[in-house]
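Please look at the chain below with its side chains displayed, since the account that follows moves from charged pairs to the sheet, the helices and the residues packed between them.

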Amino acid sequence: MATYLTTEELSARIKYDTRTIRDRLKDSVLIEGKHYFRPFGGRKILFIWEQIEQDMYNAASLTGSITMTASRGM
């Protein structure tokens with residue numbers, strides 16, 4: 001079962017300002033239909049926590065492995 005969050009609730013979980021989520025992350029990093037949707041075709045946005053959490057983990061793992069590889073070569 002998915003956990004749906006408002007922008008304010010997502011902000012509290014990922015420690016980003018709500019304005020940053022709306023202006024910088026939404027539609028560049030957070031994609032409609034994958035990370036969020038608009039229930040009943042309205043203006044309200046609900047974020048899908050499990051998908052966002054998984055993608056954050058995947059990005060951190062990728063970044064970590066690149067960093068580790070680069071530091072080994074030095």
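**Charged pairs, sheet and core**

The count of salt bridges comes to five, a salt bridge being a side-chain nitrogen of Lys or Arg within 4 Å of a carboxyl oxygen of Asp or Glu. This is a predicted model, in which local features need pLDDT of at least 70 and side-chain atom pairs count only at pLDDT 80 or more, while totals for chains, interfaces and linings use all residues. Residues are numbered from 1 along each chain as its sequence is written, and side-chain values use heavy atoms, with hydrogens and water left out.

Side chains of opposite charge can pair when their charged atoms come close. Among the salt bridges is that of D27 with K26, at 3.0 Å from N to O. Burial is described here by relative accessible area, where buried means under 20%, exposed over 50% and partly exposed in between (1.4 Å probe, protein chains only). On that scale D27 is partly exposed at 48%, whereas K26, at 17%, counts as buried. Another salt bridge joins R38 to E32, with 3.4 Å from N to O; R38 is partly exposed at 31%, and E32 is partly exposed at 42%.

A further salt bridge is formed by D55 and K34, whose closest N and O atoms are 3.3 Å apart. D55 lies in helix α3 (residues 49-72) and K34 in the loop between α2 (18-25) and β2, so this pair ties together parts that are 21 residues apart in sequence. Helices (H or I, at least four residues) and strands (E, at least two) are DSSP runs, numbered from the N terminus. D55 is partly exposed, with a relative accessible area of 22%, and K34 is also partly exposed, at 40%.

From the charged pairs we turn to the sheet. Three strands make up an open sheet in the order β1-β3-β2, with antiparallel pairing; two strands pair if DSSP finds at least two bridges between them. The edge strands are β1 (4-5) and β2 (36-37), each of which pairs on one side only. Strands of a sheet pair through backbone hydrogen bonds, either parallel or antiparallel. Between β1 and β3 (residues 46-48), which run antiparallel, there are two bridges, and L5 stands opposite F47 in β3.

How many aromatic pairs does a search of the whole structure find? The search finds two, where rings of Phe, Tyr and Trp (its six-membered ring) pair if their centres lie within 6.5 Å, and planes under 30 degrees apart count as stacked, over 60 as edge-to-face and the rest as tilted. The rings of Y4 and F37 have centres 5.2 Å apart and planes at 80 degrees, so this pair is edge-to-face. Because Y4 lies in strand β1 and F37 in strand β2, the pair ties together parts that are 33 residues apart in sequence. Y4 is partly exposed at 45% relative accessibility, and F37 is partly exposed at 26%. Y36 and F47 form a tilted pair, with 5.6 Å from centre to centre and 50 degrees between the planes. That pair links distant parts of the chain, with Y36 in strand β2 and F47 in strand β3, eleven residues apart. Both Y36 and F47 are buried.

Helix α1 (residues 7-14) has T7, L10, S11 and I14 as its buried residues. Seen down the axis of α1, these residues fall within an arc of 105 degrees, so they line one face of the helix; the arc is that of the directions from the helix axis to the C-beta atoms. T7, in helix α1, is buried at 8% relative accessibility. Leaving aside residues up to four places away in sequence, T7 touches T18, I21, R22 and F47, contact meaning heavy atoms within 4.5 Å. Just after α1, K15 takes a positive phi of about 60 degrees.

The largest nonpolar core has eleven residues, namely L5, L10, I14, I21, L25, L30, Y36, I45, F47, W49 and I52. A nonpolar core is a set of buried Ala, Val, Leu, Ile, Met, Phe, Trp, Tyr and Cys residues joined through side-chain atoms within 4.5 Å. Helices α1, α2 and α3 each supply at least two residues of this core. I45, one of the core residues, touches L5, T6, K26, Y36, F37 and R38, not counting residues up to four places away in sequence.
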